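Thanks for making time this morning. I would like to walk through one model with you, element by element, and then stop at a few backbone details.

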Amino acid sequence: MSLPVTAKVPFGGDYNPEQWPEPVWDQDYQLFDLARIDLVTLGVFDWALTQPAPDVCDFTLLDRIVARATAEGRRICLATGTGAHPAWLARAHPEVTRTDFEGRRHGFGQRHNSCPSSPVFRRLSAELAQRVARRYAANPSIVAWHVGNEYGGACYCPQCAAGFRDWLRRGYGTLEALNAAWYTTFWSHTFTDWDQIEPPSALTEHWRGPDHTAFPGITLDYRRFMSDAMLANYLHEKAAIREASPSVPVTTNFMGMYRPIDYHRWAPHLDFASWDNYPPDDSSPSWMALTHDLMRGLKDGQPFWLMEQTPSHTACRDVNPLKRPGVLRLWSWQAVAHGADAVLFFQLRASRGASEKYHGAVIGHSGRSDTRVFREVAQLGAEFDRLGAATLGARTPARVALLFDWDSWWALEISDGPSRLVRYQQMVLAYHRALWDAGVDIDVVAVTADLSRYDVVVAPALHMVKGDLPQRLAEVAERGGSVLTTFLSGRVDENDNAFLMDVPGPLGRLMGVRVDEWDARAPGFVNPVLLRADADRVEVAARLLFELVIPEGAEVLGTYQDDFYAGTPAVTRNAFGAGDGWYVGAGLDQEGVSWVVRRVLDRHGLAGPYADVPDLESAVRVTPGGARLRFLLNHRAEPVEVAACGGGVDLLSGDRIEGGQAVRLGPREVLVVRADA
Ligand code: GLA
Ligand code: ZN
């Protein structure tokens with residue numbers, strides 16, 4: 001099963017009419033009509049409403065809400081309502097709440113607040129999901145089921161400790177295997193009984209917080225366990241839904257680059273991926289491009305839903321900048337350009353009270369349609385109406401893959417040494433940014449993905465190397481492709497134990513180098529690297545980590561300029577089979593990263609047509625019927641003029657565009673061209 005079947009890009013979002021009186025609903029729907037809002041996500045936090053006491057089910061209000069949406073002809077994404085448990089549940093079963101990293105058992109409060117290992121939570125959440133599904137499954141307006149909400153966080157309670165031990169027993173079979181994997185001879189940790197094992201927390205293996213652990217192997221396994229425990233919650237609900245509703249797709253909303261949950265382990269269990277896009281600041285197009293690519297990669301390139309984004313601003317941050325005019329539209333189209341088949345907002349109408357009363361909404365507290373935000377939403381709604389099905393199901397024809405690995409992320413950032421300052425997301429972002437600037441389409445994929453379709457595979461900070469990945473990377477190079485990796489790659493196996501060989505471990509043969517030593521320095525320290533290829537020479541800055549690289553067959557493309565290792569290699573390229581392996585041994589600045597990445601791309605003729613136009617993003621999708629759609633997004637606040645790289649039809653204006661014709665994109669303007677066949 002895959003995406004919900006729709007005739008156009010669903011447009012709408014989270015709608016919580018249970019928060020306001022029914023007469024307001026009339027106004028809501030009038031405004032939805034004006035904005036062409038055709039999908040509402042209902043009931044995300046309705047548990048206390050639909051089950052106000054252990055033995056009481058009351059669907060009166062949800063029935064009315066669903067009936068109204070149906071009568072108004074909207075599509076519905078219906079939630080199970082288990083994103084927050086009700087107060088009576090926490091009172092009746094105190095063990096349903098979470099215990100935090102410091103060991104404090106929480107009382108009732110907030111949301112996303114259930115212990116994932118709690119049998120009571122598992123039973124009651126699945127029962128609720130089943131009741132909701134049974135009640136509404138026959139309603140054809142329901143196009144998707146939304147389980148829980150933004151799974152995340154962690155719990156360290158005794159139930160989780162027991163669950164962890166079971167998980168370990170299943171995974172390792174014997175204590176000998178577990179002791180070997182966790183390297184417990186160190187610091188007298190040999191476990192002689194499963195019951196001796198504790199969750200790694202501030203009270204046990206950790207100091208200075210969740211990233212400082214005496215036993216990374218234990219902490220790593222706890223993160224895997226937590227991710228699996230929450231996945232089990234999701235699966236219980238999904239199974240309950242399936243009994244009543246065999247053919248409506250099920251999803252849960254992800255959070256993009258969210259560290260605690262390994263979305264690659266979850267993805268096979270979602271019928272389609274969906275995610276909530278709240279970029280860290282208001283100037284994040286490359287961050288969003290990476291995250292969209294990651295979310296699209298979860299299900300082998302299948303389109304995803306943009307489940308939430310704010311039309312204007314968030315509320316949860318210290319400062320909550322307003323999206324400038326045009327940004328709502330630009331960022332929505334960016335999602336579509338990267339594979340979104342739905343564009344939804346949080347939220348359709350603003351809450352009056354509680355912590356999100358100042359969160360942006362399509363409709364504000366005064367219920368007006370003559371606001372800038374509403375007008376922009378309505379303009380976009382009209383565009384998606386005109387667009388119809390033109391983009392639905394379209395795939396990204398990427399020849400470049402970037403590997404993203406939660407295990408490497410975790411292992412790198414819980415490691416004592418070489419450096420706490422090297423951050424996985426920053427590394428991935430820098431390499432993705434270089435590719436994105438070059439205008440290439442990129443699949444961001446798991447290390448287990450099929451790599452046979454790519455010409456270039458980029459693996460920044462691939463700290464952990466698992467399974468047959470080294471062979472599969474070697475095959476990419478053997479058949480003529482390029483593989484690029486960086487410092488802090490090929491360091492540890494799946495248990496976080498170092499390889500008993502030269503760094504970069506099993507990647508060494510492909511890279512044609514070995515790393516002898518490394519030097520980690522404070523952020524202010526710069527060792528320049530001179531990059532050289534043919535006549536091209538450029539000196540860039542390198543920071544944070546400097547590996548001392550000894551070529552074993554690789555040619556040198558960049559050398560350190562300072563210190564006792566001045567003149568030694570920092571960047572290399574190794575001919576391998578019909579292709580090559582590229583190794584970047586230091587934290588090059590963005591200019592340096594881009595220099596290397598461009599050289600790799602140029603070997604395969606992969607740079608996009610607008611590679612040298614800054615902040616003009618271009619992305620391609622190919623429809624199921626074979627039409628090639630080129631999206632051009634001007635992220636600048638100034639206009640830009642370029643030559644069309646081929647003839648086609650502008651899908652938003654209907655105008656014809658000839659190849660080579662000058663095309664002007666205004667500030668934050670978007671162009672979608674369907675190329676001539
Ligand atoms: C998340 C949640 C929503 C809401 C928004 C606010 O994405 O899923 O319920 O809290 O954040 O930005
Ligand atoms: Zn727990």
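This is a predicted model: local features need pLDDT of at least 70, side-chain atom pairs count only at pLDDT 80 or more; totals for chains, interfaces and linings use all residues.

Let me begin with helix α1, residues 22-35, and helix α3, residues 60-71, whose axes come within 12 Å of each other and cross at roughly 25°. On the α1 side the contact is made by E22, W25, D26 and Y29, while α3 brings L61, R64, I65, R68 and A69. Sorted by class, the contact of α1 with α3 holds 5 nonpolar and 4 charged residues, and no polar ones.

If you want positions to look for on the screen, G12 stands opposite L344 in β9, whereas D14 stands opposite T41 in β2.

Moving on to the open sheet, we find 5 strands in the order β21-β22-β27-β24-β25, with antiparallel pairing. The edges are formed by β21, 616-622, and β25, 656-657, each of which pairs on one side only. Between β21 and strand β22, residues 628-634, there are 7 bridges in the antiparallel sense, and V622 has R628 in β22 as its bridge partner. Packed on this sheet is helix α11, residues 327-337, which touches β21, β22 and β27, and whose direction makes about 150° with that of β22.

Helix α15, residues 469-478, deserves a moment as well, since 7 of its 10 residues are buried and the helix is thus mostly covered. The buried residues are L469, P470, R472, L473, A474, V476 and A477, and what covers them includes the strands β10, β12, β13, β18 and β19 together with helix α16. After α15 comes G480, with a positive phi near 110°.

The bond from F346 to Q347 is cis, with omega near 20°, and Q347 lies in the loop between β9 and α12. The bond from G417 to P418 is likewise cis, with omega near -5°, and P418 belongs to the loop between α13 and α14.

Finally, there are two residues to check for positive phi. R36, in the loop between α1 and β2, has a phi of about 55° although it is not a glycine, and D496, in the loop between β13 and α16, has a phi near 75°, again in a residue other than glycine. Is each of them buried or partly exposed? R36 counts as partly exposed because its relative accessibility is 36%, while D496, at 15%, counts as buried.

Methods. Residues are numbered from 1 along each chain as its sequence is written. Chains are lettered from A and ligands numbered from 1 in the order in which they are written. Side-chain values use heavy atoms; hydrogens and water are left out. Axes are lines fitted to C-alpha atoms, for helices over the stretch in contact, and angles run from 0 to 180 degrees between N-to-C directions. Helices (H or I, at least four residues) and strands (E, at least two) are DSSP runs, numbered from the N terminus. Contact means heavy atoms within 4.5 Å. Ala, Val, Leu, Ile, Met, Phe, Trp, Tyr, Cys and Pro count as nonpolar, Asp, Glu, Lys and Arg as charged, and the others, Gly among them, as polar. Two strands pair if DSSP finds at least two bridges between them. Buried means under 20% relative accessible area, exposed over 50%, partly exposed in between (1.4 Å probe, protein chains only).
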